[in-house]
4 protein chains.
Amino acid sequence: MKLKTAPELQTAHGFNTQEPLTLAGLRGQVVLLETFQMLCPGCVSHALPQARRVAEHFTAHGVSVIGLHSVFEHHDAQGSREALSAFLHEYRIGFPVAIDAPAREGALPRTMAAYAMQGTPTSVLIDRAGRIRRQSFGPVTDLVLGAAIGALLNEPETPATACTPEGCTVEQ
Amino acid sequence: MKLKTAPELQTAHGFNTQEPLTLAGLRGQVVLLETFQMLCPGCVSHALPQARRVAEHFTAHGVSVIGLHSVFEHHDAQGSREALSAFLHEYRIGFPVAIDAPAREGALPRTMAAYAMQGTPTSVLIDRAGRIRRQSFGPVTDLVLGAAIGALLNEPETPATACTPEGCTVEQ
Amino acid sequence: MKLKTAPELQTAHGFNTQEPLTLAGLRGQVVLLETFQMLCPGCVSHALPQARRVAEHFTAHGVSVIGLHSVFEHHDAQGSREALSAFLHEYRIGFPVAIDAPAREGALPRTMAAYAMQGTPTSVLIDRAGRIRRQSFGPVTDLVLGAAIGALLNEPETPATACTPEGCTVEQ
Amino acid sequence: MKLKTAPELQTAHGFNTQEPLTLAGLRGQVVLLETFQMLCPGCVSHALPQARRVAEHFTAHGVSVIGLHSVFEHHDAQGSREALSAFLHEYRIGFPVAIDAPAREGALPRTMAAYAMQGTPTSVLIDRAGRIRRQSFGPVTDLVLGAAIGALLNEPETPATACTPEGCTVEQ
C-alpha cells in the first residue's frame, strides 16, 4: 500500500513549545496529532484525557503528542488565543498545542482542510517517516489506539523499505 | 437552628428561561443552585453532569435546578454572553442558567459574594421556604446530594413550624 | 397509603455480627436490606459497592446496611457457608450479612419468598417503624437511593402518626 | 535479548473449547494468557473485562485470548469445576478457559508455578513463535496492553530472525 505523507501543519500560534510546531521537526518520532476544540464535549471528556495518557506512557518511548486547536464553529467563544490559553491552563495540558491557521471566513482551518478532517476530535497517527498511518474522527478505545502506537513503535526507524531474508522491497 | 434565608440572585442575563431567574419565583420548590464556570474542569466533568441528573430525576417531584455562571477569573475567555451560549449549546444543558452579575473589577460576582462562596463548583440546596439548607464547595457524591434532596422533599410545604402529637413549635 | 410491615428475616447463618440478624433488633434505624448472590455480576459490580457506600456515608446517621445472601441458583457453586465466607473476605464487606434460609428443593429461599422478590440484586428500604418503603429489583442510581434514604432519615422516629397544626392522623 | 519460550499449559479441565488448551496448538497466533481466580476482585472487575475487550477487538487480527483458573486459596469456595462453570456462565465469558492443574496440597497450581507467577491476575503475552514477551501481575492499562499487542501483531510470522537492508541476524 502506498502511504500518504502527512501534510505539514499550518499554525497560527503555539503553546507549551519554544519553536513553531512542525512535523518535519518530529521526523523519527511516532506522532499523535490530536485535533480538538475547547468547546467540543467529546474532546474534553475523552480525546484530550486520552492524549494525555498517551503522553504519560509513551513519550519516553519515542511518541510525540501534539494538540491542534481547529476552530470551525463558535469563533467568538473559543477562537481567541486568550480563550485557548485559559483552557490549557485550567485543564493542565502540558504537551505542545498549536492553533490551526484560520482560512477565509466560513472555511475550515488550513490544517484541518489539508487532512480532510470531518470534525473534532480527530486523531492522526504519523509514523517515524512522516506518513499517515491512522486517522479517525470520534472516540477510539485505548486498546485500539495503543495497538496502533505499539505497531508503529515496533517498526524500524527507516520503514520505507521492508526486508525479509529474501531481500528488501521499497514501500510497504 | 435558625436557618438563613437564601439571598436573592443578582443576574445579568438568563438562558433557557423566558423570565429573569429569581428565587422568589421558585418558592415552594426545592432548588438546587449550581454555581460554575465554563472553564472549570471540576464543574464540567462532575458538577454539571450531576446537576443534569438531578434535573432528570427530580424535576417531576418538585425540584428546580438552576445554573449560575459566576466568572471570577479568565474573563476574556469565558466572560462573554457568546462564550456561555456556545458552551450551553455544546453541552446540551437544558435547565435555566443565569450569568452572575459582575461587580467592580477584581471583585467576585454579586451573587457569589452574597453567598460567600469559595469558588466553583459550589452547590446550594434551598428548601421550599427559601432557606439555605446545604452549601458545599467542590465535589459531592450523588448519595449525599440525593439524601439532602430527599430530606427536603419529605418536608411539608410550610416547614416553619414543626409538629408532633404534643403540639407545634416555630422554626426547626 | 397503608404501608406494609417488613417480614422478619429468616436466616441460616450470619457473618460480621455477634447475634442473629433480625429486623426487630434494628427498629428505630432506617434499614437498607441488600439481597444478593455472590455469582450475580450486577450484585458484585453495582449493588454491593453501592451498599458499602451507603454504609460509609449513613451509618453514623442512623442507617443500618445488611446483606442477605439469597441463593436460588448454582447451589453447588455458591450455596455453602465456606464460599460466602471467602467471598466476603476477598471483597472486604464489613457490614452484617446473613444467609437466607433455604426452603425445600427448587423453592426460593424463605426471606426472598416472603418479600416476593423477583431476583438479585433486590434492595429494600425499611423505615424506623419497620415498614417497607421501597423495594426494587435491579440497579438503582445513587441519587434515587440517596433521596429515599434522606427522606426516611428526615421522618420523626414515630411516623405512625402524621401531624399538622390541625391535628394528627394515624398511618400516612 | 534471548527470549524465553512460554512453558506449555498444564491443565485439568477446559471450558469453551472442544480440545485441550495448549500453546502448541496456538503457534502462529499472538496469545493473551489471563490467569485469574473467580473470587479475586481485581480479576473480576478489571482483568477479565479487559481480556474480553481484547478478544472483541483483536481475535479477528490474530490474537487468541485464553483464561487460566489458577486456584491457590479458598479451594473449598472456588476450587470445583461446578463453581467455575457457574462463574463463566454468569459472567458470560466466551473465550476458552482452563483449570490450572493442581499440585500437591499447599503448592501453587502447576502452570502458575512454571511461570513463577506472584498471584492473580497475571497476564502473559506470548508471540507467534511461542515466546513470552510480557508478563505482569496486577492491573495493566488498556493503552499499555494494546501497545504490546500491536507491537507483536506487527512482527513477521517468523520473528526468529531480524532483517535490515544490511542482512539478517538470528534472535532479536
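**Salt bridges in the predicted model**

Asp127(B) and Arg133(B) form a salt bridge, with their closest N and O atoms 2.8 Å apart. A salt bridge here is a side-chain nitrogen of Lys or Arg within 4 Å of a carboxyl oxygen of Asp or Glu. By this rule the count over all chains is 16 salt bridges. This is a predicted model, in which local features need pLDDT of at least 70, side-chain atom pairs count only at pLDDT 80 or more, and totals for chains, interfaces and linings use all residues. Residues are numbered from 1 along each chain as its sequence is written, chains are lettered from A in the order in which they are written, and side-chain values use heavy atoms, with hydrogens and water left out.

- Asp127(B) is buried at 2% relative accessibility (buried is under 20% relative accessible area, exposed over 50%, partly exposed in between; 1.4 Å probe, protein chains only).
- In chain C, Asp127(C) pairs with Arg131(C), the closest N and O atoms being 3.0 Å apart, and both residues are buried.
- In chain A, a network of salt bridges links Asp127(A), Arg131(A), Arg133(A) and Glu155(A).

**A pair between helices of chain C**

- Asp142(C) forms a salt bridge with Arg53(C), with the closest N and O atoms 3.0 Å apart.
- Asp142(C) lies in helix H5 (residues 142-153) and Arg53(C) in helix H1 (residues 41-58), so the pair ties together parts 89 residues apart in sequence; helices are DSSP runs (H or I, at least four residues), numbered from the N terminus.
- Asp142(C) is buried at 15% relative accessible area, whereas Arg53(C) is partly exposed at 32%.

Conventions. Helix = DSSP H or I, 4+ residues; strand = E, 2+ residues; numbered from the N terminus.
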